[in-house]
Amino acid sequence: MTKDRRHIGTQLSFALYGAANRMVRQHKPFLEPLGLTFPQYLVVLELLDGAPVSVGVLGARLGMDTGTITPLVKRLEASGMVSRTRDPVDERRVMVDLTPRGRALESEVRGITDKIKTVCQLTETDMDELRRTLEALAHPPSE
């Protein structure tokens, strides 16, 4: 019987897991002074690119289900960074928008990308190639 020499260090899933964890850790020193966690940062970044938006649409854009996005939005609301209101057209939908306090963070939030690029020692080309590879893995073409 031959011994299988593959170990966890050769697994793609392990490399992705480690890279994702490192990326979250790299963001932490930039996010803590803003009072944001990594998932909250993603929500604020998405809202900066188009708000108000419904909780459902926001969750879909971020790949988060309602059970994940709703508590994030509630914590951001409690911190004064976002507001939640009922959609006047469809009262079942909750709309999320940045408050003036949340919008005031725009330059710091948008500047984090360049800081991460520096910390990770990636060129713009490296980042683009890596992003394309990961997006293709996360969202394969429909069959």
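Helices here are DSSP runs of H or I with at least four residues, strands are E runs of at least two, and both are numbered from the N terminus. On that basis the protein has seven helices and three strands, and from the N terminus on the elements run α-α-β-α-α-β-β-α-α-α.

A bit of housekeeping: this is a predicted model, where local features need pLDDT of at least 70 and side-chain atom pairs count only at pLDDT 80 or more, while totals for chains, interfaces and linings use all residues. Residues are numbered from 1 along each chain as its sequence is written, and side-chain values use heavy atoms, with hydrogens and water left out.

**Overall shape**

The C-alpha trace spans about 65 × 35 × 25 Å along its principal axes. The radius of gyration, taken over C-alpha atoms, comes out at 18 Å, against the value near 15 Å that a compact globule of 143 residues would have; the globule rule is 2.2 Å times the number of residues to the power 0.38. Buried residues (under 20% relative accessible area, with a 1.4 Å probe and protein chains only) make up 27% of the 143 residues. As for contacts (heavy atoms within 4.5 Å), take those with a separation of 6 or more: residues 24 or more positions apart account for 50% of them.

**Helix 2 against helix 6**

Helix 2 (residues 38-48) packs on helix 6 (residues 106-120) at an angle of about 110 degrees, and their axes are 10 Å apart. Axes are lines fitted to C-alpha atoms over the stretch in contact, with angles running from 0 to 180 degrees between N-to-C directions. That angle makes the two helices roughly perpendicular, a label covering 65 to 115 degrees. Who touches whom? Helix 2 brings Tyr-41, Val-44, Leu-45 and Leu-48, and helix 6 brings Glu-106, Val-109, Arg-110, Ile-112 and Thr-113. Sorted by type, the contact residues are six nonpolar, one polar and two charged; Ala, Val, Leu, Ile, Met, Phe, Trp, Tyr, Cys and Pro count as nonpolar, Asp, Glu, Lys and Arg as charged, and the others, Gly among them, as polar.

| Residue | Torsion | Loop |
|---|---|---|
| Pro-52 | omega about 5 degrees, cis bond with Ala-51 | helix 2 to strand 1 (53-54) |
| Gln-121 | phi about 55 degrees | helix 6 to helix 7 (124-138) |

Gln-121 has its positive phi although it is not a glycine. Is Gln-121 buried or exposed? At 70% relative accessibility, Gln-121 counts as exposed, the cut-off being over 50%.

Technical notes. Angles under 35 degrees count as roughly parallel, over 145 as roughly antiparallel, 65 to 115 as roughly perpendicular and the rest as oblique.
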